[in-house]
Amino acid sequence: MAELVNNIVTVNIKTSNHVYSNRGSSKGYFINGIESPPLNLLAGIKYKFDQSDISNLGHQILFFKDPEKSIPFNINVINNGTAGSEGAYTEITLPADTSSKLFYQCKSHSFMGNSLQKINSSYVSGDV
């Protein structure tokens, strides 16, 4: 059974620290209390993004190959429930052959998230 890393997601007004502070939605994702961090994920590990907090209502996380959301990334992605409802989450397990930078963004609103990439080391500063 694959290791599981649980992350709590909330949505709030972006600050000037957000990578897309002057683009798209006025709101952004906060993962474990950090405003839309770039994510470093290990291949083969399940990363669960708990979206049960009411602030997530209407802000389902999806994954893309570009920040503009024109190329979806659906490999090993599970969406459960409705964002903002009890038990809702999005889960991703990156395949070992993932080589491109990906992006987590809102299904309905632009530039709420940031980038994510596969890393090869089990210890990297800033892991989520």
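A polar contact is a pair of N or O atoms within 3.5 Å, where one must be able to donate a hydrogen and the other to accept it; residues adjacent in sequence count only if both atoms are side-chain atoms. In this predicted model, the side chain of N114 makes such a contact with the side chain of S115, at 3.5 Å. N114 belongs to strand 10, a strand that runs parallel to strand 4 and antiparallel to strand 9.

**Surroundings of N114**

- N114 has a relative accessible area of 8%, which is under the 20% limit, and therefore counts as buried.
- Besides its contact with S115, the side chain of N114 reaches a backbone atom, the oxygen of S36, at 2.9 Å.
- With neighbours within four places in sequence left aside, N114 is in contact with V19, Y20, S36, P37, P38, L102, F103, Y104 and Q105.
- One of these contacts, Y20, lies in the loop between strand 1 and strand 2.
- Another of them, L102, has L116 as its bridge partner in strand 10.

**Strand pairing**

- Strand 10 (residues 114–119) is joined to strand 4 (residues 39–42) by four bridges, and the two run parallel.
- Strand 9 (residues 102–106) pairs with strand 10 in the antiparallel sense, over three bridges.
- An open sheet of mixed pairing is formed by six strands in the order 3-2-1-5-8-7.
- Strand 3 (34–35) and strand 7 are the edge strands of this sheet, each pairing on one side only.
- Inside the sheet, strand 5 and strand 8 (residues 89–93) are antiparallel and share five bridges.
- K46 stands opposite T93 of strand 8.

**Aromatic pairs and charges over rings**

- The model contains three aromatic pairs.
- In one of them, the ring centres of Y20 and F111 are 4.8 Å apart and the planes meet at 55°, so the pair is tilted.
- Y20 lies in the loop between strand 1 and strand 2, and F111 in the loop between strand 9 and strand 10, so this pair ties together parts that are 91 residues apart in sequence.
- Y20 and F111 are both buried.
- F49 and F63 form another tilted pair, with 6.2 Å from centre to centre and 55° between the planes.
- Because F49 lies in strand 5 (residues 46–50) and F63 in strand 6 (residues 61–64), this second pair ties together parts that are 14 residues apart in sequence.
- F49 has a relative accessibility of 2% and so counts as buried; F63, also at 2%, is buried as well.
- The ring of F111 has the charged end of R23 over it, 4.0 Å from the ring centre.
- K48 lies over the face of Y89, at 4.5 Å from the centre of that ring.

**Nonpolar core**

- The largest nonpolar core has 21 residues, of which Y29, F49, F63, I92, Y104 and L116 touch the most other members.
- Strand 1, strand 2, strand 4, strand 5, strand 6, strand 9 and strand 10 are the elements that give two or more residues to this core.
- F63 is in contact with F49, P72, F73, V77, T90, I92, F103, Y104 and L116, leaving aside its neighbours within four places in sequence.

**Loop positions**

- S16 is located in the loop between strand 1 (4–13) and strand 2 (27–31).
- At a relative accessible area of 67%, S16 is exposed, because the value is over 50%.
- The C-alpha atom of S16 is separated by 14 Å from that of G113, which is 97 residues away along the chain.
- The loop between strand 6 and strand 7 (77–80) holds K69, a residue other than glycine whose phi is positive, near 70°.
- N76 is found in the loop between strand 6 and strand 7 and likewise has a positive phi, near 55°.
- The relative accessible area of N76 is 43%, so this residue is partly exposed.

Note on methods. Residues are numbered from 1 along each chain as its sequence is written. This is a predicted model: local features need pLDDT of at least 70, side-chain atom pairs count only at pLDDT 80 or more; totals for chains, interfaces and linings use all residues. Side-chain values use heavy atoms; hydrogens and water are left out. Buried means under 20% relative accessible area, exposed over 50%, partly exposed in between (1.4 Å probe, protein chains only). Two strands pair if DSSP finds at least two bridges between them. Rings of Phe, Tyr and Trp (its six-membered ring) pair if their centres lie within 6.5 Å; planes under 30 degrees apart count as stacked, over 60 as edge-to-face and the rest as tilted. A charge sits over a ring if NZ of Lys or CZ of Arg is within 6 Å of the ring centre and within 35 degrees of the ring normal. Contact means heavy atoms within 4.5 Å. A nonpolar core is a set of buried Ala, Val, Leu, Ile, Met, Phe, Trp, Tyr and Cys residues joined through side-chain atoms within 4.5 Å.
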